[in-house]
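Welcome, and please open your viewer. We will walk from one selection to the next and say what is there.

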Amino acid sequence: MPAEITMPQLSDTMSEGTLVKWHKKEGDKIKAGDEIADVETDKATMPMEAFESGTLAVVAVPEGQKVKVGDRLAVIATSGENVDQIRQQFAGASGGVSATGSAAPKAKAVEKESAAPQTPSQPAVRTTATATLPVAPPADQGHRLRISPLARKVAADKGIDPSQIHGTGPNGRIILRDVQQAGGNGSTTTPATTPAAAPAIAAESLPVRIPSGQKQVIPLTKIRSVIAQRLQQSKQTIPHFYETIDIDLESASQVRARLNQQLESEKVRLSIGDFIAKAIASTLLQHPELNATFNGTDITRHGDVNLGMAVALPSGLIVPVLRNINQMGLKEIRQRSADLIDRARQQKLKQDEMTGATFTVSNLGTYGIREFSAIINPPEVGILAVAAAEKRPVVRNDQIVPRTMLTVTLSADHRVVDGSTAAEFLRTLKNLLEEPAMMLV
Amino acid sequence: MAVANEVQKRSVSKKSSSDGRVERKRLRMMMLIRRFEERTYQEYTKPGQRIGGFCHLYSGQEAIAVGIASIYQKGKDYLINGYRDHGHSLALGMESRPAMAEMFGRSTGCSKGKGGSMHFFQAEVGNIGGHGIVGGQIPLGVGAAFSCWYKQTGGVCFTLFGDGAINQGTFNEALNLASLWKLPVIFIVENNHMAMGTQVARASAEPDLSQRACGYNMPHRDIDGNDIDVVIDELTEASEHARRGEGPSFLVANTYRFRGHSMSDAMKYRTREEAEKARLRDPITLYEHHLRERELIDDAAVEEIENEVRAIVDDAVQFADSSPHPELQEMYKDVLAEQYPLQK
Amino acid sequence: MPEIQYREALRQAMVEEMERDDNVFLMGEEVGEYNGAYKVSEGMLAKFGPRRVRDTPISEAGFCGLGVGAAMCGLRPIVELMSWSFSFVAFDQLINNAANVRYMSGGQFKVPIVFRGGNGIAHQLGATHSHRVDALYARVPGLTVVAPSTPYDAKGLLKTAIRSDDPVVFLESELMLNDRGEVPDEEYTLPIGVADVKKAGSDVTILCWSKMVKMCLNAANQLAEEDQIDAEVIDLRSLRPLDEQAILQSIAKTNRCVIVDEDWPFCGMGAGILAQISEKTFDDLDAPIGRVCCEDVPVPFNHYLELAMQPSVEKVVQKVRQVCYR
């Protein structure tokens with residue numbers, strides 16, 4: 001049976017995708033696992049793999065076209081099937097998208113070519129021998145950012161997002177001169193490094209001075225338009241309510257200092273954020289009402305905590321997910337979250353690293369924010385806004401003493417969660433952070 | 001040199017020295033080598049394997065090494081050997097301690113634990129090595145002899161190899177060069193009749209190995225390598241020939257190794273009868289017998305030597321075992337003699 | 001400064017060192033009575049006599065091994081190989097004996113010996129006589145490998161090689177022996193392990209050695225004229241030890257590199273250098289390190305095929321343009 005390739009759903013929220021680029025053309029031989037096209041989802045551009053081997057018989061959509069999830073993109077003739085027949089069979093009925101006009105006449109010639117290597121008349125002597133096995137020409141052109149190491153480094157130094165640069169090297173490789181041109185020949189330099197835990201502030205997100213008397217119109221990028229659409233939907237359809245609590249971090253800070261001393265040899269440095277993540281995981285296990293997703297009819301409670309961590313990128317917000325964080329110790333949380341955030345910044349996250357969160361945390365602590373509230377990321381039912389830990393005068397035993405304090409705000413979906421449930425959640429969280437040893441219990 | 005001078009013609013050498021001291025020393029060295037090798041076998045086969053790698057024992061061939069040492073002139077002569085090199089190294093004066101420690105791979109070994117059983121060296125006595133590749137060392141021996149000739153030191157190079165090496169190209173190239181240039185080399189084939197597991201007759205088209213030198217225009221002899229007196233007499237003649245500038249000689253010293261080629265050798269190629277017969281010609285037993293006949297030793301003397309060599313070897317094992325492994329840094333040392341960039 | 005041939009430079013180095021140290025002697029096929037197969041040792045037998053200029057039989061394993069043994073026992077042999085292609089029958093002597101003896105003896109012995117001779121492709125000698133042995137020896141710890149490109153370097157480096165207490169593989173080329181170059185009258189030596197920047201440049205680093213240096217300088221001239229590409233040409237001179245610092249410094253400046261190598265592409269000398277430096281220069285590179293090598297075939301006899309299988313000025317120019325994105 002010919003194998004139809006349809007637009008995959010590459011993320012929870014994806015309803016349609018854009019076929020950005022075909023790596024194969026009609027008549028090409030395909031192996032299961034080959035990357036045959038690049039598809040842009042609302043989050044990222046992802047390679048699409050073939051699940052069947054055979055010959056690419058029909059390409060149903062041209063590059064650049066938007067396609068609904070599930071609609072046909074291409075048809076593969078599996079072994080023994082007649083490519084021409086399949087092409088005719090699917091010709092008129094290609095899901096409303098007509099096949100490219102040049103496909104049919106091209107097919108015959110291509111088929112001939114592909115049959116040639118099997119005939120015995122193939123010359124036995126290659127014109128150039130190589131000591132390595134002969135390899136097929138690379139088939140995966142363009143599915144990832146091609147950039148020379150130097151260009152990558154310079155782009156990072158200048159704070160330029162390489163994905164916004166047009167590459168002029170071979171296969172569209174971004175090379176030094178492209179970065180220099182994008183960055184005005186190196187005249188716009190911005191601070192090169194950002195603290196590992198802090199959201200990246202790249203040049204693009206800094207206020208750009210618009211000359212007086214002028215306007216600048218910026219069309220939404222794909223990711224920006226998804227953010228716009230989804231947050232609006234969340235805020236308009238979910239009845240948010242907010243609860244705020246102050247947490248004394250004195251004890252957690254001391255534990256953290258002690259642990260970091262112990263971990264110094266391993267070059268691991270725990271952050272307060274790691275303690276908060278750990279405490280959230282423990283708290284959620286005790287309050288499954290908030291470790292839940294809601295589709296409008298059913299509430300699903302989850303046995304594992306997959307914690308989404310909001311990360312700001314120059315191009316917009318992205319939420320990598322730390323799966324099964326409830327099974328991790330602090331060290332693992334530190335290492336895995338650092339890795340995730342790192343790769344999020346390099347746009348190297350895999351699809352399943354951006355989906356499936358059961359609860360999200362948004363941390364603006366490094367910006368010195370005292371208190372804020374966040375918008376729920378559906379289908380989740382809660383999000384915790386973590387502000388900056390700071391020394392504040394507080395009353396202890398009728399004395400005013402300086403303590404390291406933190407204010408967190410829980411946003412919850414009132415369709416699923418009630419005020420008291422949220423309050424109990426926050427109380428548990430507060431208790432765990434004020435007495436970190438309780439996390440062991 | 002005293003050691004060289006006391007060796008005379010074969011007809012007289014079986015006569016005793018005035019007090020038998022020299023003979024007892026030779027017997028003692030043969031017994032030490034035997035004890036060393038048998039203990040090595042024990043240590044090698046013990047669980048935990050503190051001696052690793054290839055290990056080739058010399059038991060049964062001691063008369064040749066000790067015979068060479070008897071006429072060896074330290075300070076100008078050289079000796080080079082294949083990988084069955086423990087016996088010669090001890091005979092030329094290497095202490096049991098660094099020898100055993102080398103097999104244990106320890107930092108106190110003669111090569112700091114970087115050579116192993118097959119690569120014993122002792123520069124100060126001209127022991128230019130045990131060499132691992134069959135026949136690879138033969139041209140080196142000719143080179144050592146060339147240095148003696150070039151500097152006119154009167155030294156010779158005893159170049160040893162087994163019957164297995166004869167069929168290598170280097171054997172032929174080395175014999176030709178040595179004879180062509182009349183270099184002071186004594187080529188000694190320790191013919192234990194077995195190239196690893198292949199009998200001489202199955203490997204050499206000419207079963208009389210001494211004939212293999214015929215094409216190289218040099219004296220060649222087939223001798224009893226188990227009789228140390230014979231070995232000394234023949235070597236004396238060959239070395240005098242070489243020291244006189246008359247060129248190399250080729251001696252095939254027939255012997256028998258009691259142990260396998262290496263430790264993993266089950267010796268299926270031998271019959272029990274053959275091995276038992278060979279034991280009757282054990283070079284140590286033979287020499288002991290001669291010395292008893294000549295009343296140079298008695299039971300008490302033999303027992304005393306036995307006790308002494310046992311103590312020496314026990315001590316060597318203990319020393320080796322308690323010695324440290326080389327420091328990691330040692331790995332990077334002795335690769336080159338110079339510091340680079342090099343300008344001289 | 002007088003201009004002399006490469007072969008004369010080699011001879012001057014050997015003569016001077018033999019005059020300086022009686023332990024130095026020359027040995028090889030046809031080095032004496034025939035005055036050298038390529039006339040490198042012309043007149044040396046007459047000058048030093050047969051004790052120190054030794055004609056050998058055609059017996060590479062024998063005399064290479066003899067040299068190693070003599071070096072272990074205090075002499076400083078210069079062993080001439082008529083062609084490095086013939087060293088394969090003596091491979092064990094170089095790889096196992098010359099290179100390993102010092103290490104295996106725990107530093108008890110040094111092996112001060114120079115093996116020298118013509119390396120690489122000459123004129124229509126066929127596949128057996130055209131081998132490039134650079135990588136075969138440069139990969140071996142314990143050996144030093146030197147490949148000078150000019151008479152000046154040849155003399156200065158050979159003198160250092162002879163004085164070195166380590167075994168040196170000294171790679172010459174039959175095709176360079178007639179090359180002329182300035183060599184001072186005064187005595188001098190040159191350091192082993194130091195590369196020479198033959199032409200400074202800012203756009204691309206061309207790494208080369210031996211016969212390839214002249215070709216690369218020609219290519220650099222053409223690139224400057226036709227493409228305004230300013231190439232830096234580095235003559236490595238010594239392949240082991242490799243002057244990594246010079247290479248890395250240059251690439252940090254130019255961000256692009258082409259290695260020009262007479263060897264085969266797979267596991268050859270260029271491949272080895274590439275592996276050695278690619279990791280360390282990764283962030284400096286704006287293009288993959290390019291290589292120009294021989295085609296992956298045995299060396300053909302036919303003159304035109306033989307030329308076609310080798311690097312050429314055109315191939316170097318093409319490759320440089322490619323890494324410069326021109």
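Before the first stop, keep in mind that this is a predicted model.

Stop 1: Select α7 and α9 of chain A. Turn the view until you look along the line from one to the other: their crossing is right-handed. Helix α7 covers residues 272-286 and helix α9 covers residues 419-434, and their axes come within 9 Å, crossing at roughly 135 degrees. Because angles from 65 to 115 degrees count as roughly perpendicular and those over 145 as roughly antiparallel, α7(A) and α9(A) are oblique to each other.

Now show the side chains where these two helices meet. On α7(A), pick Phe275(A), Ile276(A), Ala279(A), Ile280(A), Ser282(A), Thr283(A) and Gln286(A). On α9(A), the partners are Phe425(A), Thr428(A), Leu429(A), Leu432(A) and Leu433(A). Colour this contact by residue class and you will find 8 nonpolar residues, 4 polar ones and no charged ones.

**Stop 2: chain A as a whole.** Zoom out and select chain A. How many helices and strands are there in chain A? The count is 9 helices and 19 strands. Chain A has 441 residues, of which 32% count as buried. Among the contacts in chain A with a separation of 6 or more, 65% are between residues 24 or more positions apart.

**Stop 3: where chain A touches chain C.** Show chains A and C together. Here 13 residues of chain A are in contact with 12 residues of chain C. On the chain A side, helix α3 (residues 149-158) gives the largest share, 4 residues. That side of chain A divides into 7 nonpolar, 5 polar and 1 charged residue.

**Stop 4: where chain C touches chain B.** Next, bring in chain B. In this pair, 44 residues of chain C are in contact with 40 residues of chain B. On chain C, select α3 (60-72), α4 (91-98), α5 (101-104) and α7 (151-163), each of which supplies at least two residues to the side touching chain B. Which of them gives the most? It is α3(C), with 10 residues. The chain C side is made of 19 nonpolar, 18 polar and 7 charged residues.

**Stop 5: one residue up close.** Finish at Thr189(C), in the loop between β8 (180-182) and β9 (196-199) of chain C. Is Thr189(C) buried or exposed? Thr189(C) counts as buried because it has 20 C-beta neighbours inside 10 Å. Leaving aside neighbours within four places in sequence, Thr189(C) is in contact with Gly156(C), Lys159(C) and Thr160(C), as well as Gln343(B) and Lys344(B).

Conventions: Residues are numbered from 1 along each chain as its sequence is written. Chains are lettered from A and ligands numbered from 1 in the order in which they are written. This is a predicted model: local features need pLDDT of at least 70, side-chain atom pairs count only at pLDDT 80 or more; totals for chains, interfaces and linings use all residues. Axes are lines fitted to C-alpha atoms, for helices over the stretch in contact, and angles run from 0 to 180 degrees between N-to-C directions. Angles under 35 degrees count as roughly parallel, over 145 as roughly antiparallel, 65 to 115 as roughly perpendicular and the rest as oblique. A crossing is left-handed if the near helix is turned anticlockwise from the far one by less than a right angle, and right-handed if clockwise. Two residues are in contact if their C-beta atoms, placed from the backbone, lie within 7 Å. Ala, Val, Leu, Ile, Met, Phe, Trp, Tyr, Cys and Pro count as nonpolar, Asp, Glu, Lys and Arg as charged, and the others, Gly among them, as polar. A residue is buried if 20 or more other C-beta atoms lie within 10 Å of its own, exposed if 12 or fewer, and partly exposed in between; C-beta atoms are placed from the backbone.
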